[in-house]
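Hi everyone, and thanks for coming. Please have a look at the structure on the screen, and then I'll walk you through a few parts of it.

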Amino acid sequence: MSKTSSSSRFVILSFSCVFVCIGLFETFQILLICFLKMTSHVKIRLASERVNHSVPSNNALPRFYTPGEVITGMKDFMRGHGTYVEGDSLKSSVAGVMQKVNKLICIRPLKSRYVGEIGDVVVGRVLEVQQKRWKIETNSRLDSVLQLSSVNLPGGELRRRSAEDEQMMRKHLEEGDLISAEVQSVFSDGSLSLHTRSLKYGKLGQGILMKVFPSLIKRRKNHFHQLPCGVSLIIGNNGFIWISPLEMSSNLEGNKDELETIETQTVNRSDREIMARVKNCIAALVASKMMLDDTSIMFAYEESLKYDNVKDLLDPEAMLDVAFLTEHRINYIMED
Amino acid sequence: MPGPDLLSNQGLRLDGRRPNELRRIICKLGVFTQPDGSAYLEQGNTKVLAAVYGPHHAAKSKSLQDGVVVNCQYSMATFSTGERKNRPRGDRKSLEISMHLRQALTAAIKTELYPRSQIDIYVEVLQADGGAFCASVNAATLALIDAGIPLRAYACACSASMAWLNGEPEALVDVGHVEEAAGGVVLTVASLPSTGSIGLLEQSHRLHMDYFNIVMSRAMQGCRDIEVILDKAVREHLAEGWTKQDVVTI
């Protein structure tokens with residue numbers, strides 16, 4: 001109480017001094033500027049003045065199909081995802097672009113839930129611990145399954161899973177843990193069976209998880225990236241992106257004590273700033289619906305360095321600027 | 001008998017429209033980032049927001065073996081009507097409209113593709129000026145398209161009423177709140193216009209069989225006109241969002 005009253009007294013005193021020295025209008029201006037500096041982190045925008053995030057591109061617009069539209073009347077085409085047969089014509093069931101592979105016609109929508117294929121790398125969250133398996137959420141239409149026989153036991157032995165292992169499941173992975181895994185197989189109803197039978201997959205420690213929609217992720221050979229700016233990135237095919245500091249990723253296996261010390265170690269401030277900047281860059285690319293892979297994220301990071309304050313990247317104008325410059329650079333590289 | 005003052009001598013309605021004119025429709029897809037699909041639609045002064053979540057894993061008790069479970073929730077904001085609405089959702093009328101919405105949309109969604117999954121559709125009416133159910137169906141269709149859920153065709157809904165012009169019956173399309181309150185019959189049709197099939201048909205008062213065909217055909221024509229408008233909006237949204245993604249054609 002006394003602190004605020006003394007500071008307000010000081011303000012009144014300084015105000016009166018300044019008033020005496022300069023004059024009424026200038027005093028008012030100075031006071032207004034001081035007041036604005038205190039509240040400068042609040043940004044209010046009108047809905048009618050919203051920034052349009054679409055970045056113009058060189059590609060010509062493809063032909064779009066909308067639900068119920070007839071694609072072709074000929075019978076010798078096979079129907080893929082996004083199409084259905086009515087009468088003797090093939091009709092589209094989603095709004096998107098046609099993908100034709102010889103005689104197979106698919107319509108790919110702009111946004112959809114993740115549809116898994118064998119060999120995809122996914123990042124998921126454990127939902128529940130069941131009898132001999134874990135249920136994992138992977139942004140698809142059904143929850144995925146991680147069998148006990150598909151994980152590496154701690155200690156690395158190759159042995160038959162006993163009843164004891166079933167009791168110890170919770171020690172390995174609990175509800176709420178994040179894991180990176182690979183799709184082993186797809187069940188007949190469409191749900192995925194995952195496995196972590198490699199040293200690079202497994203439970204994830206400290207980092208940032210970002211959820212984007214899966215159609216922005218390109219299928220690549222490698223989904224684990226170590227960016228030169230100092231973060232390690234896992235781009236899951238299901239649209240979950242994991243950003244973590246570099247030192248943590250190199251030591252995923254090892255005995256329990258080492259893992260625990262790594263998990264409780266605080267990440268230093270500079271690493272956290274770099275991770276936050278990468279996150280904001282990814283958000284900027286997603287807002288302008290650009291494809292995500294390690295090159296585009298790295299370009300976006302370099303373009304964003306001109307904004308010293310990481311939180312300035314949250315402005316819609318800054319996001320559009322970063323996305324526009326990244327698109328420009330990618331086109332430049334492609335032309336060469 | 002419909003009120004005689006719904007149509008003037010020159011053939012103009014209470015808000016100045018012709019009998020076969022729809023109200024102005026403005027719509028936008030993808031207004032929210034959190035749900036899988038979202039849309040905003042304005043039909044005259046009626047403003048509606050729709051959000052779609054899914055398809056995701058259905059709870060054991062609710063899942064069906066052979067198709068997807070569609071859940072709809074219709075809610076009106078407290079500031080949407082002239083008098084403050086005390087209960088935004090859960091009252092009898094909202095529950096009935098939720099069921100109708102579910103019936104109309106289940107007719108359009110290809111449910112057999114997603115066994116054991118669930119789709120949740122939430123519709124919020126921000127301003128109700130007549131035809132809120134029709135605007136909800138249209139907005140929900142746009143939200144489903146935005147979420148990438150396969151549909152048999154667009155599901156459009158339109159209402160129609162009847163009035164007298166120089167002794168002849170004349171059907172009025174897209175009734176507003178004032179015309180509804182005047183006491184005339186209101187026929188609401190939710191259909192799939194490209195196939196011509198009907199998902200839901202509802203009528204408020206009594207209508208003589210002789211005049212039913214006139215009103216019905218006017219409402220179906222209204223659905224077809226709305227489909228053209230929604231299709232145009234979907235194509236604009238695709239053009240905006242597609243320019244950077246790969247297209248593979250072999």
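Let me start with a term: a salt bridge here is a side-chain nitrogen of Lys or Arg within 4 Å of a carboxyl oxygen of Asp or Glu. Asp146(B) forms one with Lys111(A), and their closest N and O atoms are 3.4 Å apart.

Some housekeeping. What you see is a predicted model, where local features need pLDDT of at least 70, side-chain atom pairs count only at pLDDT 80 or more, and totals for chains, interfaces and linings use all residues. Residues are numbered from 1 along each chain as its sequence is written, chains are lettered from A and ligands numbered from 1 in the order in which they are written, and side-chain values use heavy atoms, with hydrogens and water left out.

Back to the interface. Across the boundary of chain B and chain A, the rule finds 4 salt bridges. Contact means heavy atoms within 4.5 Å, and here 48 residues of chain A and 40 residues of chain B take part. How much area do chain B and chain A bury between them? About 3,700 Å², with 55% of it on carbon and sulfur atoms; buried area is the accessible area (1.4 Å probe) that two parts lose on being put together, summed over both.

Now to the helices. Helices (H or I, at least four residues) and strands (E, at least two) are DSSP runs, numbered from the N terminus. Axes are lines fitted to C-alpha atoms, for helices over the stretch in contact, and angles run from 0 to 180 degrees between N-to-C directions. Angles under 35 degrees count as roughly parallel, over 145 as roughly antiparallel, 65 to 115 as roughly perpendicular and the rest as oblique.

In chain B, helix H2 (residues 132-147) packs with helix H4 (residues 209-242) at about 30 degrees, their axes 11 Å apart. H2(B) and H4(B) are therefore roughly parallel to each other. From H2(B), the contact uses Asn138(B), Leu142(B), Ile145(B) and Asp146(B), and from H4(B) it uses Ile226(B), Leu230(B), Val234(B) and His237(B). Notice Asp146(B) again, our salt-bridge partner of Lys111(A).

Over in chain A, helix H7 (residues 269-287) and helix H8 (residues 294-304) have axes 9 Å apart, at an angle of about 110 degrees. That makes H7(A) roughly perpendicular to H8(A). Among the H7(A) residues in this contact are Ile274(A) and Leu285(A), and Tyr301(A) is one of those from H8(A).

H8(A) also packs with helix H9 (residues 316-335) of chain A, where the axes come within 9 Å and cross at roughly 125 degrees. Parallel or oblique, then? H8(A) and H9(A) are oblique to each other. The residues in contact include Phe299(A) from H8(A) and Leu325(A) from H9(A).

Two backbone details to finish. The peptide bond from Gly54(B) to Pro55(B) is cis, with omega near 5 degrees, and Pro55(B) sits in strand S3 (residues 46-57) of chain B. Asn139(A) is not a glycine, yet it has a positive phi of about 60 degrees. You can find Asn139(A) in the loop between strand S9 (133-137) and strand S10 (144-147) of chain A.
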